[in-house]
Amino acid sequence: MTKKKTITTLNKMKLNNEKFSALTAYDTSFAQIFDEQGIDMILIGDSLGMVLQGHSDTLKVSIDDMAYHTRCVASGAKQAFILADMPFMTYATPEQACENAAILMQAGAQMVKLEGAAWLKETITTLSQRSVPVCAHLGLTPQSVHVFGGYKIQGRNNDVAEQMIQDAIDLVEAGAQMVLLECVPASLAQAISAAVDVPVCGIGAGVDTDGQVLVMHDILGISSGYIPKFSKNYLAKTGDIRKAVTQFINEVSEKSFPAPEHIFE
């Protein structure tokens, strides 16, 4: 019988300095393929607003959208840990966060992901006290695209970097059981990974995070527009979806991905 991976699994991997691999998925078929290849975690990202729905950002994704795709993924993933995004403005208050997190957990998520910094502390504590595991998303938070003025690297300024380290520590103390860092300098991601005792997953955050996540459309070379600097088209290298996923998993485990050309300094 296949053993389901849990947050305990990822914590043990961090303690043993073993890198975990993660991909986004949005339906049963891809979730099953990724699961069978041994992916450690599947993220149902609100990126579906862009890669599935054709929007220019993630802001139009609803909680119903996320619940639907979480149910689809949960039916195909028998061993991978399942993380689901809380979409834009579904966690503006702790009470609202509880209501919407319950929808995703009941759909099959094992953890929910929230974008934001210090203002999230009360919400994270409230969710954790009510048995909802939380991943805190720092760095480039796509739901804040209009605040940032576009999709830009975060944390290059020393003051901002120091604040991000403190935010990560504070959010973990508030109850976050995982941190996701997106598009930050590798040195900052390394510092945050060392500063907290929970798994840190990176996307465009260098090789020293505890795990790596990529968008499935990017590793398969089917994203519209362009593939980000931090990603890699594994299908072009292998010619087979299953082999592409296996190569990604192996390269993360061996610490050969991300390579220098995928990293922000």
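**View 1. S131 in the loop between α6 and β5.** In this predicted model, S131 lies in the loop that links α6 (121–129) to β5 (134–139). Although S131 is not a glycine, its phi is positive, at about 70 degrees. With a relative accessibility of 61%, S131 counts as exposed. Most residues other than glycine have a negative phi.

**View 2. M89 in the loop between β3 and α5.** M89 is placed in the loop between β3 (81–85) and α5 (94–107), and this residue, not a glycine, has a positive phi of about 60 degrees. M89 is exposed because its relative accessible area, 52%, is over 50%.

**View 3. The cis peptide bond at P258.** F257 and P258 are joined by a cis peptide bond, for which omega is about 0 degrees. P258 is found in the segment that comes after α12 (241–254).

**View 4. The crossing of α2 and α4.** The axes of helix α2 (residues 28–37) and helix α4 (residues 63–76) come within 7 Å and cross at roughly 40 degrees, which makes α2 oblique to α4. The crossing of α2 past α4 is right-handed. T28, A31, Q32 and D35 of α2 meet C72, V73, S75 and G76 of α4 in this contact, whose residues comprise three nonpolar, four polar and one charged.

**View 5. The largest nonpolar core and L104.** The largest nonpolar core holds 85 residues, and among those with the most contacts inside it are F34, L104, M178 and L214. Helix α8 (residues 158–174) gives the most to this core, contributing seven residues. Leaving aside residues up to four places away in sequence, L104 touches I63, M66, A67, T70, A84, D85, M86, A109 and V112.

Terms used:
Residues are numbered from 1 along each chain as its sequence is written. This is a predicted model: local features need pLDDT of at least 70, side-chain atom pairs count only at pLDDT 80 or more; totals for chains, interfaces and linings use all residues. Side-chain values use heavy atoms; hydrogens and water are left out. A nonpolar core is a set of buried Ala, Val, Leu, Ile, Met, Phe, Trp, Tyr and Cys residues joined through side-chain atoms within 4.5 Å. Buried means under 20% relative accessible area, exposed over 50%, partly exposed in between (1.4 Å probe, protein chains only). Helices (H or I, at least four residues) and strands (E, at least two) are DSSP runs, numbered from the N terminus. Contact means heavy atoms within 4.5 Å. Axes are lines fitted to C-alpha atoms, for helices over the stretch in contact, and angles run from 0 to 180 degrees between N-to-C directions. Angles under 35 degrees count as roughly parallel, over 145 as roughly antiparallel, 65 to 115 as roughly perpendicular and the rest as oblique. A crossing is left-handed if the near helix is turned anticlockwise from the far one by less than a right angle, and right-handed if clockwise. Ala, Val, Leu, Ile, Met, Phe, Trp, Tyr, Cys and Pro count as nonpolar, Asp, Glu, Lys and Arg as charged, and the others, Gly among them, as polar.
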